[in-house]
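Subject: Structure handover

Hi,

Here is the structure I promised to pass on. My notes on what turned up follow below it.

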4 protein chains.
Amino acid sequence: MTPQQYEQVFDALDSFEIELPSWGFANTGTRFGKFIQAAAATTIEEKLSDASQVHAVTGCSPSVAVHVLWDFPNGLAQAPQVKQLARRYGVRIGSINPNVFQDQIYKFGSLGNPDAEIRQAALEHLIESVHISQATASRDISLWFADGSNYPGTQNIRKRRQWFLEGLSQLHQHLGENQRLLLEYKPFEPAFYHTDIADWGMALLLARHAGPQAKVLVDLGHHYPSQNIEQVVAWLLAEGMLGGFHFNDRRYADDDLTLGSIDPYQLFRIFHEICTWEWETGERADIAYMIDQSHNLKGKIEAMIQSVVRAQELYVKALLVDHEKLAKHQQSCELVDAEECLQRAFYRDVSPILEEWRRSRRLPLDPLQAFRQSGYLERVSRERAERNRDAVTSYA
Amino acid sequence: MTPQQYEQVFDALDSFEIELPSWGFANTGTRFGKFIQAAAATTIEEKLSDASQVHAVTGCSPSVAVHVLWDFPNGLAQAPQVKQLARRYGVRIGSINPNVFQDQIYKFGSLGNPDAEIRQAALEHLIESVHISQATASRDISLWFADGSNYPGTQNIRKRRQWFLEGLSQLHQHLGENQRLLLEYKPFEPAFYHTDIADWGMALLLARHAGPQAKVLVDLGHHYPSQNIEQVVAWLLAEGMLGGFHFNDRRYADDDLTLGSIDPYQLFRIFHEICTWEWETGERADIAYMIDQSHNLKGKIEAMIQSVVRAQELYVKALLVDHEKLAKHQQSCELVDAEECLQRAFYRDVSPILEEWRRSRRLPLDPLQAFRQSGYLERVSRERAERNRDAVTSYA
Amino acid sequence: MTPQQYEQVFDALDSFEIELPSWGFANTGTRFGKFIQAAAATTIEEKLSDASQVHAVTGCSPSVAVHVLWDFPNGLAQAPQVKQLARRYGVRIGSINPNVFQDQIYKFGSLGNPDAEIRQAALEHLIESVHISQATASRDISLWFADGSNYPGTQNIRKRRQWFLEGLSQLHQHLGENQRLLLEYKPFEPAFYHTDIADWGMALLLARHAGPQAKVLVDLGHHYPSQNIEQVVAWLLAEGMLGGFHFNDRRYADDDLTLGSIDPYQLFRIFHEICTWEWETGERADIAYMIDQSHNLKGKIEAMIQSVVRAQELYVKALLVDHEKLAKHQQSCELVDAEECLQRAFYRDVSPILEEWRRSRRLPLDPLQAFRQSGYLERVSRERAERNRDAVTSYA
Amino acid sequence: MTPQQYEQVFDALDSFEIELPSWGFANTGTRFGKFIQAAAATTIEEKLSDASQVHAVTGCSPSVAVHVLWDFPNGLAQAPQVKQLARRYGVRIGSINPNVFQDQIYKFGSLGNPDAEIRQAALEHLIESVHISQATASRDISLWFADGSNYPGTQNIRKRRQWFLEGLSQLHQHLGENQRLLLEYKPFEPAFYHTDIADWGMALLLARHAGPQAKVLVDLGHHYPSQNIEQVVAWLLAEGMLGGFHFNDRRYADDDLTLGSIDPYQLFRIFHEICTWEWETGERADIAYMIDQSHNLKGKIEAMIQSVVRAQELYVKALLVDHEKLAKHQQSCELVDAEECLQRAFYRDVSPILEEWRRSRRLPLDPLQAFRQSGYLERVSRERAERNRDAVTSYA
């Protein structure tokens, strides 16, 4: 590798940041129950503390996505305190995630609910979330809607679309100058027959209707079997509509496994589309990378460190694609050469350069090992064990 | 329709029974939360009472499947009392469903757990469930295992298979003479990378290894996209290994929607395979039909009535296939005629004959209407509302 | 049913037309070979003759979609003759289907090919197709592109998108005043890694870029497993972008089976979305209904008749939904009532009203039977048998 | 790496053989047509010649699978000549693939056909194939059946199963002492509604019924979306029923892309299950590795070399898993450690050891490069170009 390449990779790594979700440190599970971990975080302070551990050993996760309902139980009033807490732990508050799916009023939807009062309640919560984001100096408001229906005929799909158009347009007016709405799509769960924002096409159209600061958020688990996700990424880049990612992996549905655990080549290809766009345009893609995983069985902090490291590795592999060569092979339809060019980068051993970068940034060479040796896990396990024991709940 | 056909359909309807799941009357939801219903049942008495309402208006659901952990919190000792409760409400206890997935010890599996002590604990719970079934005079023990793993490499698939072989063989020895083990398969959720009993092939092989009284249970939601379920049913019938069904419907994953709500033609085809087998062999298929649905949004008792009625309708349609004609067309590969013969039965209006049957059995002609007019729902909503309000829980 | 409803259904049936594809009368197969039918059509005259038989007995398929490469081997010059042939057989030429996938030059794509000369050749064929459509007085040019790639990295997805933008915009300029481009999407096959127009979102964006007369064509077999197609239809209607359908059915991939043969409830729901849109807006949806099926095993003309009749039945069922009642239940979130309202229409026996309509329009009451009795099949089987015998080809 | 590990890997590579399919060198395509390659092979001699080129540069593909219909147009009589041809080209004849799907009589099936005479004809072809295998000294007869149906109700699934039971049992009696029947399964295509041998469970049951020398063949493209293939492999190993593989890769259906091109981690995991089984039992798994790909766009010989090399790489990665360590982590449910242990092997750079092995076996260090420099492709392109030009066929 040339010194120039080294420098380029180091620069890219310096600006490559992955946001951690506060809820990824809490006890989560499936509809069949939760397996409780002694070290799981409950309060926003614990979550920020855990996140700061990940940042300390990886140097690449300085911000934490927060959930309004769970992390700001007192709403906007709490924002200054949370912002300060984050600073104390050496991280900052990242994207703000409203919650319009958990309250009992949202049984039949939020912005898509046939009841105008409930739509208004949802809109107010969303607007408050924008205000919170301004108070925490967060740029992005990340919107996931659970809206939909479970049975054919029980809801009017087009009317609900219209209500979404209206609600999102109103919300957009509350954004600050540099802020963004990131709109997520998902084809199923918890609504099983239809989801109001089912795919990237619906998200893009709604975002365009809402206003210029609304972009699309791609959650890797929110697709159909066999769907080519990197093509969706390429199109969103081309349309200027890619706002961010929720990283995770899955086999069957929205499994929320750690990224790269099932299909690492796919995530590499996604990074490759982004790197190619940057190589062609000479611009830096304005994308929020976020983790959104459910660590039901793995230790939560360890799973985060593992994910961040894996993302760095796959990103560096994508950086090392020989774009010039590849473009030539693509133009000439030299399929085998083009493919080998891409795969060579995927299979490349990038640990040496990552170690080099970590050393030069005074980061531990083995982040997971460093965390394990810190004694943090043992300490918080002791401190939090009792409360977590009481957290056990039953499915039925 | 000839009088003979009428009689045949009436006979078939008289012996067509669908078992109701006690947990289908309780508050259930997704991993994102539960929407609480005022009328939801909590105690086994409430569940039996609700089930008896369904039976009263449909005349075809005289038994109730129970969940050991939720319905027998005191285990075997409680069995006589539950049995008596059922009798009081005019129903009987049906299949017994052990629960080896909810306790914290089952985090990494039950019969497939690498820890021999946990495997033993699971086996003991299963054996106790057999004893309960004997105390309640239930025939079937219905086994669903959540066992599996979330990440490649984290568990040894073949070792776990071996442990399942051993556990199920031991369990089989505890069965009474006429009892059956019904073994369920499921390709995903809550284990996301591999499920120990992932498909009908694995279930069949495990059941064969376990002993002659072990059969396979088909849950309609436990398949891959595009899988031809009626073919699996046909094979299980041919192999003498079909034990029963969990009826429900789905679009994407294991959505547990009410049966026939998404793809009614599929359920009709399943019934058709069974009716064809019976027509060819002159025997009555020994199959336990059970509902296993999650009524997250629909009223629970109403959803049950709707499901039972829909199942009756689709079953009668399948009864009315002209088997002789169809067999002839199949033998001659007259595709259009064969298909029209089948579809004619599917599209046939069976409400007149069902009404006739209901009238002759002194059942309400419109079961849903009859239930609504009974005032039952209003009464239990009042009685149970307060407790259900307290049942609200949060996802994180 | 009220006389008013009768009239409404009769009116709707009078204007409900399904276009037949000329290629649906020819020998087709899979990549593993073709099973040859003695009666299969080869020339455009034979295809028009066969199509006219379907129209004669159903009264609802007066137009025939044609494939430029197969039906106009001499291109534009042949258009007047084909138009006249159609008139002679009592049908008219419907949508024009260019073919930019079969020639050897299209190995790596047509409008998306990296080679500018090949893109130009494709564009010229497309423009000639527009000219043909003008010569045959056809309204729609129906565009399906096989473009894509088979291996990650071998083509530049965004560049190809750009070439499509440009080509389609140029093509749009050649349209006559009332003409339309109908743009089809398909997620796979014959390109296996990425298809340039993979889903409805890509088709919609390309169509919008191309111009106001470009709309989206929905082929029922061109989706992912589990995808909710009627929701896509509802969105396209709402966006004013639904141009037409290719009807067929499938289980696993793009199986091109006869419509309603696998999931009839799905097609009913699609019609329901259209009928609802018409009920709400008071307008008539401007949609081209076309069949696109591959009759590998069924008799080709019989399969067409069966399909047209099934489409009529499912359409009439959708017409009979009580929209007022349904809208009320939807607004009040009365799920069970809303669903029952929809399903009641689906299960309704519509043969009486269809018979009535056929009688009043002097059509045979049983179209399939009428065709069989006509002796047409026997005659053309004799006439075409020898040539078809020579059509046998091998896979490898 | 220790010298002992080196030796172990070298030994494993020495005995790792991948069989090449003769049809992979011929022009193939999709149902939409074939793109013709000048260098494509037509005769069995050309195919053997091409295969020998792959073996010459990789040293690991000494045998060629043949298709009876295409490679033995004169049947058994031709076997000695083909065997000798193979010897002349330095390869040997591998598995024999009967063809009971292409002849017009097989329109409605072969061994599953309702017509007893056609079943008999199929059986005779299969028996002749066994005789051919004996004449060519081939061990395996590889059976893929296209049997099935396209529409619900048109065939009797259980009757067809019974006919398969009978046919396969009869066929089994003709096997020589050390021969095997390898039975393939496939859930769809070219039959679209039901395939008679749809999944591994059906294949296993049929093979068990047929006799002890019948085993299951796993084609990587013959599964449902999301299915965990390595689990199927693990079960087949545990049941003693794994006979061989058809390697390829796919995104949506049975795309027949080059192996490892879409999901390389999956193929690695499959090798890992095999290596684990061998490590635990101390035995060598008796598995036939075969390529079955359709090189529609890539150069056929180059695609083969690429595939063989990729398979070697992924196999070596799987060999390098630290089984002892992994087993310990699995037993203790140390998920992150177990997963990292597996992924470390996957991401390992194995080019040095493969180069070392190639050097020591006097093989070219870069097989693809060596082939390109040989001039073979240019020569056969010239020789075969004209005939291939005439091979162009049309879809309709």
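Chain C superposes on chain D by a rotation of 180° with 0.0 Å of shift along the axis, at an RMSD of 0.0 Å (least squares on the C-alpha atoms of residues with pLDDT of at least 70 in both copies). That is the relation of a two-fold axis. Within chain C, C:Arg31 has the C-alpha nearest this axis, 2.1 Å away.

Before going further, some bookkeeping: this is a predicted model, in which local features need pLDDT of at least 70, side-chain atom pairs count only at pLDDT 80 or more, and totals for chains, interfaces and linings use all residues. Residues are numbered from 1 along each chain as its sequence is written, while chains are lettered from A and ligands numbered from 1 in the order in which they are written.

The contact between chains C and D takes 40 residues from each of them (two residues are in contact if their C-beta atoms, placed from the backbone, lie within 7 Å). On chain C's side there are 23 nonpolar, 11 polar and six charged residues (Ala, Val, Leu, Ile, Met, Phe, Trp, Tyr, Cys and Pro count as nonpolar, Asp, Glu, Lys and Arg as charged, and the others, Gly among them, as polar). Since 100% of the interface residues of chain C are also interface residues in chain D, the copies meet through the same surface.

Chain C also superposes on chain A, again by a rotation of 180° with 0.0 Å of shift along its axis and an RMSD of 0.0 Å. Here the C-alpha of chain C nearest the axis belongs to C:Gly201, 2.2 Å from it.

The largest nonpolar core holds 512 residues, of which A:Leu183, B:Leu183, C:Leu183 and D:Leu183 touch the most other members. Such a core is a set of buried Ala, Val, Leu, Ile, Met, Phe, Trp, Tyr and Cys residues joined through C-beta atoms within 7 Å; buried means that 20 or more other C-beta atoms lie within 10 Å of a residue's own, exposed 12 or fewer, and partly exposed in between, with C-beta atoms placed from the backbone. Leaving aside neighbours within four places in sequence, the contacts of D:Leu183 include D:Leu143, D:Ile197 and D:Val216.

Lastly, have a look at strand S4 (residues 63-67) of chain B, where five of five residues are buried (strands are DSSP runs of E, at least two residues, numbered from the N terminus). B:Ser63, B:Ala65 and B:His67 lie on one side, B:Val64 and B:Val66 on the other.

Best wishes

Terms used:
Helices (H or I, at least four residues) and strands (E, at least two) are DSSP runs, numbered from the N terminus.
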